[in-house]
Amino acid sequence: MSTISNSSFIGGETLTTSDINQKFQDIADVTTADINADNVRDQSIDLAQMESQTLNGKSGIQLVTLKYGDIGTDNDLISNVAYGVSRTGTPLVDASGTNTALVVNATLNTDDLLRVYYSGRVKTSTTVTDSNSTHESNACWCFWLQWDITDATLTNWTEVPNQGDWSNQITGSRYAEPTDVVLSATNGIASTAIVPHFFTVDRNDGSGNHDVFTHEKNNVNGTYYYVNTKASVTIYGLRVVVGGVYRGVWEQNSSGTTRRNYLEYTTSTDYVEPSDTINVFNMQMSAIIQRTD
Amino acid sequence: MKEWTQGFPQNNALVQAEQFNDEYDTHKGTFNGGLDRTALNDDWCNRTHLKNNALLLADTTALTANDNFVSQPSGSSYAYFGCVQYSEYSGGWASTNIDQTLSDCHEGMLHVELKGSFYINQHEAKTNTTQVKIRLKLNGLRIAGAGYFVQPFMSFRITADVPITAGTNELTVDWRMNGNNNYATSDPIFHLFGVQLMSVARWR
């Protein structure tokens with residue numbers, strides 16, 4: 001406690017220098033290192049008192065780090081790269097084929113919240129026809145996040161926590177990620193953004209036939225939240241990968257017991273042909289590390 | 001800040017105890033709860049000076065999915081999600097089990113984000129394109145909405161900023177879709193999955 005609680009002098013008593021010095025020593029003790037809530041008034045701390053940086057106003061009280069930048073091709077309307085089918089994903093590259101990433105170089109401390117946003121434009125192509133485009137049009141591509149927490153060379157990429165890479169085999173030769181829960185740090189879709197591979201429209205002519213369409217221009221909006229409950233970790237970089245084609249299924253796990261919803265990688269021609277692609281234009285990414293308390 | 005209002009002893013004057021006490025107590029009172037923004041230096045306050053949740057509260061929910069009114073196929077394997085079937089949905093806004101409770105709030109502003117993905121069965125929609133709306137509610141009152149969505153798959157992020165009161169605040173999520181699209185009663189029609197709420201409440 002930093003309250004000064006000494007008593008007053010009494011008239012008529014003899015003072016010594018140490019008596020008086022002690023009075024001021026009490027004040028010195030409080031103001032040297034012990035000022036706390038007992039000393040300040042309510043509402044006494046204002047913006048001016050925050051230890052903020054001149055250029056960005058960041059005080060570290062809420063915001064720890066904010067980084068943003070381009071992923072993939074140049075930031076224009078036409079540059080894009082075509083990606084083929086892939087179960088475990090392909091990193092987004094620039095026009096010359098070089099992998100791209102957002103350099104972060106920031107520490108995610110225990111209890112800090114990592115927020116990552118990425119968005120961009122895509123278009124898909126398919127040769128799937130009406131005759132085999134069945135099963136409720138649930139064919140899609142997925143984008144998800146990887147991070148490098150090893151070193152600044154950005155050569156050691158792994159999926160971010162609570163995100164799988166479709167290497168999880170649920171049964172037989174079928175690989176999938178659960179969509180409704182996080183089964184483990186490497187088994188989930190926490191950072192995944194989904195875009196449809198194609199969509200079908202009933203001709204409504206009584207024939208039961210459908211037309212197959214792809215979205216010539218489509219958006220992808222990815223979001224990732226992660227509260228670090230473990231030891232502090234340095235995030236050197238973040239990048240986006242794209243994989244597919246996946247489909248929604250209601251499936252048992254490998255032991256044939258638990259059943260849940262998955263996004264499952266598929267090569268069935270009901271959903272995808274080997275030559276199908278997704279073209280990805282420029283993507284913007286921002287990463288925020290902030291305090292949770 | 002308490003002002004120094006007492007006079008100083010004059011040269012060669014005899015200092016009385018009461019005179020000293022008045023001056024000293026004024027000085028002491030400034031430090032005993034009288035320091036304020038006019039007395040405190042600029043640019044000194046950082047995380048080390050603040051207790052947890054002094055200024056804000058940030059939290060996010062676990063990954064989840066709407067499992068209200070959800071029928072799940074039987075059998076060994078099914079090539080669509082276990083999700084809302086047409087026979088289960090009777091129109092209007094339908095609630096979900098996706099929510100977030102923010103406890104020990106103070107009066108301030110809440111920034112909230114709802115992110116997730118959905119699947120709409122357009123393949124079986126025979127008469128119209130199925131259209132879906134999603135809304136976010138704070139303590140039962142709508143604060144943000146989005147849609148109509150029509151793509152068979154889509155990932156979304158809905159953001160709102162709204163004043164909050166002290167105490168506990170509750171966020172909930174609803175969805176709805178348009179009318180009869182001539183589905184068969186057992187057709188899967190809609191699945192909301194991979195959903196998380198992220199809230200940053202600030203009171204200073």
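Helices (H or I, at least four residues) and strands (E, at least two) are DSSP runs, numbered from the N terminus. The structure is a predicted model, in which local features need pLDDT of at least 70, side-chain atom pairs count only at pLDDT 80 or more, and totals for chains, interfaces and linings use all residues. Residues are numbered from 1 along each chain as its sequence is written, and chains are lettered from A and ligands numbered from 1 in the order in which they are written.

On these terms, the elements of chain B run α-β-β-β-β-β-β-β-β-β-β from the N terminus on, that is, one helix and 10 strands. Chain A contains one helix and 16 strands. With the radius of gyration taken over C-alpha atoms and the globule rule set at 2.2 Å times the number of residues to the power 0.38, chain A has a value of 29 Å, well over the 19 Å that the rule gives for 293 residues, so chain A is more spread out than a compact globule. For chain B the radius of gyration is 30 Å, whereas a compact globule of 204 residues would have one near 17 Å. Along the principal axes, the C-alpha atoms of chain A fill a box of roughly 115 × 50 × 40 Å, and the C-alpha trace of chain B spans about 105 × 30 × 25 Å.

Burial was assigned from C-beta atoms placed from the backbone: a residue is buried if 20 or more other C-beta atoms lie within 10 Å of its own, exposed if 12 or fewer, and partly exposed in between. By this criterion 40% of the 293 residues of chain A are buried, as are 33% of the 204 residues of chain B. Two residues are in contact if their C-beta atoms, placed from the backbone, lie within 7 Å. Among contacts with a separation of 6 or more, residues 24 or more positions apart account for 77% in chain A and for 79% in chain B.

A nonpolar core is a set of buried Ala, Val, Leu, Ile, Met, Phe, Trp, Tyr and Cys residues joined through C-beta atoms within 7 Å. The largest such core has 104 residues, of which A:Cys140, A:Leu238, A:Val240, A:Met285 and B:Phe190 touch the most other members. Strand β14 (residues 233-252) of chain A gives the most to this core, contributing 10 residues. Another core lies apart from it and has five residues, including A:Ile4, A:Val30, A:Val40 and B:Leu35. Leaving aside neighbours within four places in sequence, the contacts of A:Cys140 are A:Ile194, A:Val195, A:Pro196, A:His197, A:Gly244, A:Val245, A:Tyr246 and B:Phe153. Two of these partners, A:Gly244 and A:Val245, are linked by a cis peptide bond with omega near 10 degrees. A:Val245 belongs to strand β14 of chain A.

Between the chains, 68 residues of chain A are in contact with 67 residues of chain B. On the side of chain A that touches chain B, at least two residues each come from α1 (17-33), β5 (113-125), β10 (193-196), β11 (199-202), β13 (218-227) and β14. The most come from β14(A), with six residues. Counting Ala, Val, Leu, Ile, Met, Phe, Trp, Tyr, Cys and Pro as nonpolar, Asp, Glu, Lys and Arg as charged, and the others, Gly among them, as polar, this side of chain A has 26 nonpolar, 29 polar and 13 charged residues.

Strands were taken to pair if DSSP finds at least two bridges between them. In chain B, four strands form an open antiparallel sheet in the order β4-β9-β6-β7. Its edge strands, each pairing on one side only, are β4 (94-105) and β7 (141-149). β4(B) and strand β9 (residues 167-177) of chain B run antiparallel and are joined by seven bridges; B:Leu102 has B:Asn169 in β9(B) as its bridge partner.

Most residues other than glycine have a negative phi, and most peptide bonds are trans. In chain A, phi is positive at A:Leu154, near 55 degrees, and at A:Trp166, near 65 degrees. A:Leu154 lies in the loop between β6 (139-148) and β7 (157-159) of chain A and is partly exposed, because 18 other C-beta atoms are within 10 Å. A:Trp166, in the loop between β7 and β8 (169-171) of chain A, is buried, because 23 other C-beta atoms are within 10 Å.
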